[in-house]
Amino acid sequence: MSAGWREWVGLPDLGVEHIKAKLDTGARSSALHAFDIEELERDGEQWVRFSIHPWQKTSEDASTVELPIHDRRTVRSSTGHAQQRYVVRMPLRILDQTVIAEVTLTRRDTMGFRLLIGREALRQGFLVDSGRSYLGGRPPRKVRRRNRGADPSGPGVTGGA
């Protein structure tokens, strides 16, 4: 299934119907903007509680989520900085297909997108067309306006990783 380098994606288990995502074949893993990250134990298992807000440049619609910890990994950013991150498994709705992805939790305040989808998730049936965007369509204008001012597609800008 062909997808653009950026798409509107859903996070059904987190109650997020629309979040703008960068599909990045140069990144191995996926990453979600998360803050107030806290480890906890539930029924003898390790979980993580974290907060998210799906809109760029605003904290509107913030919500707190708890998921089981799938793994902990050291992830090296595109700038070479290594960071230990929690990894959770969650469904991502990309175009009209839902895939289960391993997603790392990290602060992405300065990045162009709250969600980055890497190769591990994309190899579940997606071919990224780097010259196209939003092949899965766009949400209603009202939803897009909530993400106002965050479209990094201005001249010469390729978006945050």
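Reply: A pocket is here an open set of points on a 1 Å grid over the protein atoms alone, where a 1.4 Å probe fits and protein lies on both sides within 12 Å along at least five of seven lines, and a lining residue has an atom within 4 Å of a point. Grid points are joined across faces, edges and corners, and the volume is the space filled by probe spheres set on them. The model is predicted, so local features need pLDDT of at least 70 and side-chain atom pairs count only at pLDDT 80 or more, whereas totals for chains, interfaces and linings use all residues. Residues are numbered from 1 along each chain as its sequence is written, and side-chain values use heavy atoms, with hydrogens and water left out.

The largest pocket holds about 500 Å³ of space. Its lining is made up of 22 residues, and those nearest its centre are Val75, Arg76, Ser77, Ser78 and Arg85. Two elements, strand 8 (71-76) and strand 9, each give two or more residues to this lining; strands are DSSP runs of E with at least two residues, helices are runs of H or I with at least four, and both are numbered from the N terminus. Strand 8 provides the largest share of the lining, 4 residues.

The largest nonpolar core has 31 residues, among which Leu11, Leu14, Leu32, Phe50, Met90, Leu92 and Ile117 touch the most other members. Such a core is a set of buried Ala, Val, Leu, Ile, Met, Phe, Trp, Tyr and Cys residues joined through side-chain atoms within 4.5 Å; buried means under 20% relative accessible area, exposed over 50%, and partly exposed in between, for a 1.4 Å probe and protein chains only. The elements that give two or more residues to the core are strands 2, 3, 6, 7 (63-68), 9 (82-94), 10 (97-106) and 11, together with helix 1 (119-122), and strand 9 makes the largest contribution, 5 residues. Leu92 is in contact (heavy atoms within 4.5 Å) with Val9, Gly10, Leu11, Gln97, Thr98, Val99, Ala101, Ile117 and Ala121, once its neighbours within four places in sequence are set aside.

Strand 3 (residues 16-23) is another contributor to this core, and because 7 of its 8 residues are buried, it is largely enclosed by the rest of the structure. Strand 3 runs antiparallel to strand 2 (residues 6-11), with 5 bridges between them, where strands pair if DSSP finds at least two bridges; Glu7 has Ala21 of strand 3 as its bridge partner. These two strands form a hairpin with 4 residues between them, and Gly15 in the turn has a positive phi of about 75°. Strand 3 also runs parallel to strand 11 (residues 115-117), to which 3 bridges join it, and Lys22 is the bridge partner of Leu116 there.

Ala3, in strand 1 (residues 2-4), is buried at a relative accessible area of 0%. Beyond residues up to four places away in sequence, Ala3 touches Leu23, Leu95, Phe126, Leu127, Val128, Asp129 and Leu135, and its C-alpha atom is separated by 9.9 Å from that of Gly125, which is 122 residues away along the chain. Arg119, which lies in helix 1, counts as partly exposed because its relative accessibility is 32%. With residues up to four places away again left out, Arg119 touches Asp24, Thr25, Gly26, Ala27 and Arg28, while Ser29, 90 residues from Arg119 in sequence, is 6.4 Å away, C-alpha to C-alpha.

Strand 6 and strand 7 are joined by 6 bridges, and Arg49 has Glu66 of strand 7 as its bridge partner. Most residues other than glycine have a negative phi. Asp36, however, has a positive phi of about 50°; this residue is in strand 5 (residues 35-42) and is exposed, at 55% relative accessible area. Asp43 likewise has a positive phi, near 50°; it is found in the loop between strand 5 and strand 6 (45-52) and counts as exposed at 78% relative accessibility.
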